[in-house]
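This briefing is intended to be read alongside the sequence and the three-dimensional structure. Please keep both in view while working through the points.

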Amino acid sequence: MSESIAVDDLVAAVHCPRRYEYAAVYGLDGEERSSAEAAAARRHEYCRRAICAALRTGETDPDALLERARTRLADHWHARTDGVHYHSYAQRDHERRVHEATLRAYADRFAEAHASGLATLRERTDGELVGPDLPLSSTVTAPGSDEAITLESRVDLVFLDESSLVGVRFVPTLSSLGLLRYRGRWEGDVADRFEAHVDAADETFDPGPVGALYETAATLDGLRAVRDRLELGDHRCRYRHVALAAPGSLRVNWVRDAVEVTLESTDLTDVFLDHHTYGMTLEHRNRAVESRLAALADALASGQFDPHEQWETISSHSCPSCPYAVCCGDHLGEEVRFDG
Ligand code: SF4
């Protein structure tokens, strides 16, 4: 049986291979988050589930979808927030209003395109097209290896948009994408930053965007398998993120007692796509990213978790915000050495 790697764990390894070991090999959960991060995680998770439940009904009218999503949120609200510590009832009510405003923002901006694209695709398949967490899989083989490794990615929704098959993942925020958020093409500074990050002799360390490029490569390949299964051979695949809980997305007008949410999304396909490869294959691909992705997967599959080759960079960039810092021997050893 071939080795299998979850793409989220592989992205963690871009920050530090030891994180991958803690998460994927030992199954350890990271340290407790701050209350603000925990609230954002709830908003992302509850809204994501409510939106997927609404889309599964087959409704295409945004108002009807909003009503379905709100009903789903209401049905699960008490059970889901039962064990959550709130400072007051007012805080709990406020959080619920933020969730409802997030659903409204989704209905206003995205629901119509997503639901109608789903309806078009449903006519062609009886398979699952709405998650949360629809599994996709692809395989990579590192140069010089004959061992294929399966990469497991996930999206929350697959739909048809004109001539593209689109995978959407609802994420908490787009902030980890760094410059990918502000660029629409691979050639130029995105390619330069990627090459600098993967060059062991260069001090550049940009794990957020590099991890997102690997995630895009694996997800697009998984979507291509779905496309082929559905016999949509003339459609290119695209991959989008929609952020449901970004810190700057919320505005509260305390005078008018109003909560407003603005949602952001980004299409990672254009910034990933290298036009040289596209010219040869007519696929949304990037050979440089794909070959580095295969090499990283191969290193992880063969148990290469030691961060010390890049220790200076990892200890200054990744350790301070690492969820495993309290239990990590590499980090604690460094702290003792520094104190002593
Ligand atoms: S604390 Fe530092 S060395 Fe340990 S897993 Fe986290 S990033 Fe890696």
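The model is predicted. Its largest nonpolar core has 78 residues, and a second, separate core has seven residues. The ligand is surrounded by 13 residues.

**Nonpolar cores**

- Within the largest nonpolar core, the residues with the most contacts are Leu10, Ile51, Leu103, Val158, Tyr214, Leu293 and Ala297.
- Helix α5, which covers residues 89-122, provides the largest share of this core, namely 10 residues.
- The second core is separate and includes Cys16, Cys322, Tyr324 and Cys328.
- When neighbours within four places in sequence are left aside, Val158 is in contact with Leu121, Leu129, Leu134, Leu165, Val166, Gly167 and Val226.

**Leu121 in helix α5**

- Leu121 belongs to helix α5.
- Leu121 counts as buried because it has 20 C-beta neighbours inside 10 Å, and 20 or more is the cut-off for a buried residue.
- Apart from neighbours within four places in sequence, the contacts of Leu121 are Leu129, Val158, Phe159 and Leu160.
- Leu121 and Leu230 are separated by 109 residues in sequence, while their C-alpha atoms are 9.1 Å apart in space.

**Surroundings of the ligand**

- Of the 13 residues around the ligand, the closest are Cys16, Cys319, Cys322, Cys328 and His331.
- Cys16, Cys322 and Cys328 are also among the residues of the second core.
- Two helices, α2 (17-25) and α12 (329-339), each contribute at least two residues to the shell around the ligand.
- By type, the shell consists of eight nonpolar, two polar and three charged residues.

**Helix α3**

- Helix α3 spans residues 35-56 and contains 22 residues.
- From first to last C-alpha, α3 reaches 31 Å, which is close to the 32 Å expected at 1.5 Å a residue.
- The buried residues of α3 are Ala40, Arg43, His44, Tyr46, Cys47, Arg48, Arg49, Ala50, Ile51, Ala54 and Leu55.
- These buried residues pack against the helices α4 (62-81) and α5, and against the strands β2 (130-140), β3 (149-161) and β4 (164-171).
- After α3 comes Gly58, which has a positive phi near 90°.

**Helix α4**

- Helix α4 has 20 residues, and its first and last C-alpha atoms are 27 Å apart, close to the expected 28 Å.
- At Asp75, α4 bends by about 35°.
- Buried positions in α4 are Pro62, Leu65, Leu66, Arg68, Ala69, Arg72 and Leu73.
- The packing partners of the buried residues of α4 are α3 and α5.

- His276 lies in helix α9, which covers residues 275-281.
- His276 is partly exposed because 13 other C-beta atoms lie within 10 Å, and the partly exposed class falls between the limits of 12 or fewer for exposed and 20 or more for buried.
- His276 and Ser163 are 113 residues apart in sequence, and their C-alpha atoms are 21 Å apart in space.
- The 15 residues of α10 should span 21 Å at 1.5 Å a residue, and the distance of 21 Å between its end C-alpha atoms agrees with this.
- In α10, the buried residues are Val289, Glu290, Arg292, Leu293, Ala294, Leu296, Ala297, Asp298 and Leu300.
- Leu293 and Ala297 are also listed among the residues with the most contacts inside the largest nonpolar core.
- Gly303 follows α10 and has a positive phi near 80°.

- The peptide bond joining Gly131 and Pro132 is cis, with omega about 15°; Pro132 is located in strand β2.
- Glu231 is not a glycine, yet its phi is positive, near 55°.
- Glu231 sits in the loop between α7 (207-229) and β5 (236-243), and it is exposed, with 10 other C-beta atoms within 10 Å.
- Leu282 likewise has a positive phi, of about 55°, although it is not a glycine.
- Leu282 is placed in the loop between α9 and α10 (287-301), and it is exposed, with 9 other C-beta atoms within 10 Å.

Methods. Residues are numbered from 1 along each chain as its sequence is written. This is a predicted model: local features need pLDDT of at least 70, side-chain atom pairs count only at pLDDT 80 or more; totals for chains, interfaces and linings use all residues. A nonpolar core is a set of buried Ala, Val, Leu, Ile, Met, Phe, Trp, Tyr and Cys residues joined through C-beta atoms within 7 Å. Helices (H or I, at least four residues) and strands (E, at least two) are DSSP runs, numbered from the N terminus. Two residues are in contact if their C-beta atoms, placed from the backbone, lie within 7 Å. A residue is near a molecule or strand if its C-beta atom, placed from the backbone, lies within 6 Å of it. Ala, Val, Leu, Ile, Met, Phe, Trp, Tyr, Cys and Pro count as nonpolar, Asp, Glu, Lys and Arg as charged, and the others, Gly among them, as polar. The expected span of a helix is 1.5 Å times one less than its number of residues. The bend at a residue is the angle between axes fitted to the seven residues ending there and the seven starting there.
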